Amino acid sequence: MAGAILGLIDIQPTFMPGGELPVPDGDAIVPVVNNLLKQFGHAFATQDWHPLGHASFASTHPGRQSYESVTLPYGPQVLWPDHGIAGSANAAIHPGIDQTRIEVIIRKGCNRDIDSYSAFFENDHTTPTGLQGWLQQRGFTQLYLCGLATDFCVAWSAEDARRLGFEVTVIEDACRGIGLPANGQTTEGQTTIDQARHRLTTLGVRFINSATMEIT
């Protein structure tokens, strides 16, 4: 396990049933993630941590609805229900997660004008979160990712990690996806779980199940 670390992406109540932006079955990953944490000596976590009036919120754009896509100065942006509000209970890491092995928490989406899906960069693809430097200084080269949502924050984190030179594995049964839109027809800035998986596989990201995983 030398050089390996588990990454918990946005495992927050805001993304679970009863939350502001619920991912279907999102709460089901909590026991799976806790079992994974027992197998890793090291872990990091991310949190969506938005100020009120964030540019990614549909409520910030009069006349727009949630899940529409708009173009912001940094490119296409899906508009979301207000979620991950900084300081709120639903923006905390889910209370059922065992945090004893989480060594650093990266809060993203803090800039009111730029959304941030990836654990590494905001959605302008240039503003860093600082996670890359922390991982490299600590000597981690293999990232195992789990969390919410497969087709957004997990996928964008995995893609950036591969481009930065990390070995990346997504643990599928410890993730859940939004799957926008359900009919598979996408608009600019939107994706489906299958599209995300294909894109990541092409980049060299591995997909495994926790029951059969081997940490190298």
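User: The charged end of which residue sits over the ring of Phe-207?
Analyst: The model is predicted: local features need pLDDT of at least 70, side-chain atom pairs count only at pLDDT 80 or more, and totals for chains, interfaces and linings use all residues. Numbering runs from 1 along each chain as its sequence is written, and side-chain values use heavy atoms, without hydrogens and water. A charge sits over a ring if NZ of Lys or CZ of Arg is within 6 Å of the ring centre and within 35 degrees of the ring normal. Over the ring of Phe-207, 4.5 Å from its centre, sits the charged end of Arg-197.

User: Which residue meets Arg-197 in a salt bridge?
Analyst: In a salt bridge, a side-chain nitrogen of Lys or Arg is within 4 Å of a carboxyl oxygen of Asp or Glu. For Arg-197 the N to O distance is 3.1 Å, and the partner is Glu-172. The pair links distant parts of the chain, 25 residues apart: Arg-197 is in helix 4 (residues 193–203) and Glu-172 in strand 7; helices (H or I, at least four residues) and strands (E, at least two) are DSSP runs, numbered from the N terminus.

User: How many residues apart in sequence are the parts tied together by Arg-176 and Asp-25?
Analyst: Arg-176 and Asp-25 form a salt bridge, with the closest N and O atoms 3.0 Å apart. Arg-176 belongs to strand 7 (residues 167–176) and Asp-25 to the loop between strand 1 (4–9) and helix 1 (29–37), so the separation is 151 residues.

User: Are Asp-48 and Lys-108 buried or exposed?
Analyst: The side chains of Asp-48 and Lys-108 meet in a salt bridge at 2.9 Å, N to O. Asp-48 lies in strand 2 and Lys-108 in strand 5, so this contact ties together parts 60 residues apart in sequence. A network of salt bridges links Asp-48 and Lys-108 with Asp-10. Asp-48 and Lys-108 are both buried.

User: How many aromatic pairs are there, and why is Tyr-67 with Trp-80 edge-to-face?
Analyst: Rings of Phe, Tyr and Trp (its six-membered ring) pair if their centres lie within 6.5 Å; planes under 30 degrees apart are stacked, over 60 edge-to-face and the rest tilted. By this rule there are 8 aromatic pairs. The ring centres of Tyr-67 and Trp-80 are 5.9 Å apart, and the pair is edge-to-face because the planes stand at 85°.

User: Is Trp-80 buried or exposed?
Analyst: Tyr-67, in the loop between strand 2 (43–48) and strand 3 (69–72), pairs with Trp-80, in the loop between strand 4 (75–78) and strand 5 (102–108), so parts 13 residues apart in sequence are tied together. Tyr-67 is partly exposed at 34% relative accessibility. With a relative accessible area of 3%, Trp-80 is buried.

User: Which residue forms an aromatic pair with Tyr-117?
Analyst: The pair is edge-to-face, 5.5 Å centre to centre with 85° between the planes, and joins Tyr-117 to Phe-152. Tyr-117 is in the loop between strand 5 and helix 2 (131–138) and its partner in helix 3 (residues 150–163), so parts 35 residues apart in sequence are tied together.

User: Which residues form one aromatic cluster?
Analyst: Tyr-67 and Trp-80 make an edge-to-face pair, as do Tyr-117 and Phe-152. The one cluster is formed by Tyr-67, Trp-80, Tyr-117, Phe-152 and Trp-156.

Terms used. Buried means under 20% relative accessible area, exposed over 50%, partly exposed in between (1.4 Å probe, protein chains only).
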